[in-house]
Amino acid sequence: MSHTQHVARRYYDAWTSGDSNTVAALLSPVFRFTAGDLRIDGREAFLDSGAFPRDATVSMVAEAYQGEVAFQMYDATRGDRSIRVVEQLTVRDGQLISSNFVADMAAFAAFTGAGAPAEAEDHR
C-alpha cells in the first residue's frame, strides 16, 4: 500500500465513521476543501463546517492512487436517501492538503439534513 493510499484510506474511514480526532490529525493546517461553488480554507474552518452523518452506511466503489493524488468514489445511504461521492485528495508530508469533493450538492445537503425542507404547518 502506498503512503498516499494509506493516508487517504485512513481519512475515508475516519470521515465516514465520524472519527473527528483522526480526521483532524490527517488534515494539514492549510487544508483546502472545494465542492462545487463551496470553498473552505484551513483545517479548523473545515472541521467547524460539519461532519459526515455517523448513521450513514458507506461503501467504496472505486479508488486509484498515483503519487500524491488519490481518487475515491463511494456510495452512502442514510435512511431513504443515497448519494455517490467522488473525491480527489492530495497528500503531502503525511497529511491531506486538499479535497475536491464532487457530488450532487443539493442531494448531499438533503442527505446530511442541511437541505431538509421545513415541516409544513398544518393550518386546519
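Q: Rings of Phe, Tyr and Trp (its six-membered ring) pair if their centres lie within 6.5 Å; planes under 30 degrees apart are stacked, over 60 edge-to-face, and the rest tilted. How many aromatic pairs does this rule give here?
A: The count comes to 12 aromatic pairs. This is a predicted model, in which local features need pLDDT of at least 70 and side-chain atom pairs count only at pLDDT 80 or more, while totals for chains, interfaces and linings use all residues. Residues are numbered from 1 along each chain as its sequence is written, and side-chain values use heavy atoms, with hydrogens and water left out.

Q: Which residues end up in a cluster through ring pairs?
A: The cluster joined by ring pairs consists of Tyr11, Tyr12, Trp15, Phe31, Phe33, Phe46, Phe52, Tyr74, Phe101, Phe108 and Phe111.

Q: Take Phe31 and Phe46, then. What is the geometry of their rings?
A: The ring centres of Phe31 and Phe46 are 5.1 Å apart and the planes stand at 65°, so this pair is edge-to-face.

Q: And where do Phe31 and Phe46 lie?
A: Phe31 belongs to strand β1 (residues 27-35), and Phe46 to helix α3 (residues 43-48). The pair therefore ties together parts that are 15 residues apart in sequence. Helices (H or I, at least four residues) and strands (E, at least two) are DSSP runs, numbered from the N terminus.

Q: Is Phe31 buried or exposed?
A: Phe31 counts as buried, because its relative accessibility is 0%. Buried means under 20% relative accessible area, exposed over 50%, and partly exposed in between (1.4 Å probe, protein chains only).

Q: What about Phe46: buried or exposed?
A: Phe46 has a relative accessibility of 2%, so Phe46 also counts as buried.

Q: How are the rings of Phe52 and Phe111 arranged?
A: Their centres lie 5.8 Å apart and their planes meet at 50°, so the pair of Phe52 and Phe111 is tilted.

Q: Which parts does the pair of Phe52 and Phe111 tie together?
A: Phe52 sits in the loop between α3 and β3 (57-66), whereas Phe111 is in helix α4, so the parts tied together are 59 residues apart in sequence. Both Phe52 and Phe111 are buried.

Q: Now the overall picture. How many helices and strands are there?
A: The protein chain has 4 helices and 6 strands. Along the sequence their pattern reads α-α-β-β-α-β-β-β-β-α.

Q: What box do the C-alpha atoms fill?
A: Taken along the principal axes, the box is roughly 60 × 30 × 25 Å.

Q: What share of the protein chain is buried?
A: Of the 124 residues in the protein chain, 32% are buried.

Q: And what share of the contacts joins residues 24 or more positions apart?
A: Such residues account for 45% of the contacts in the protein chain with a separation of 6 or more. Contact means heavy atoms within 4.5 Å.

Q: A change of topic: where is Glu68?
A: Glu68 is placed in the loop between β3 and β4 (69-78). With a relative accessible area of 35%, Glu68 is partly exposed.

Q: Which residues does Glu68 touch?
A: Leaving aside residues up to four places away in sequence, Glu68 touches Thr4, Leu89, Thr90, Val91 and Arg92.

Q: And how far is Glu68 from Ala35?
A: From C-alpha to C-alpha, Glu68 and Ala35 are 20 Å apart in space, and 33 residues separate them in sequence.
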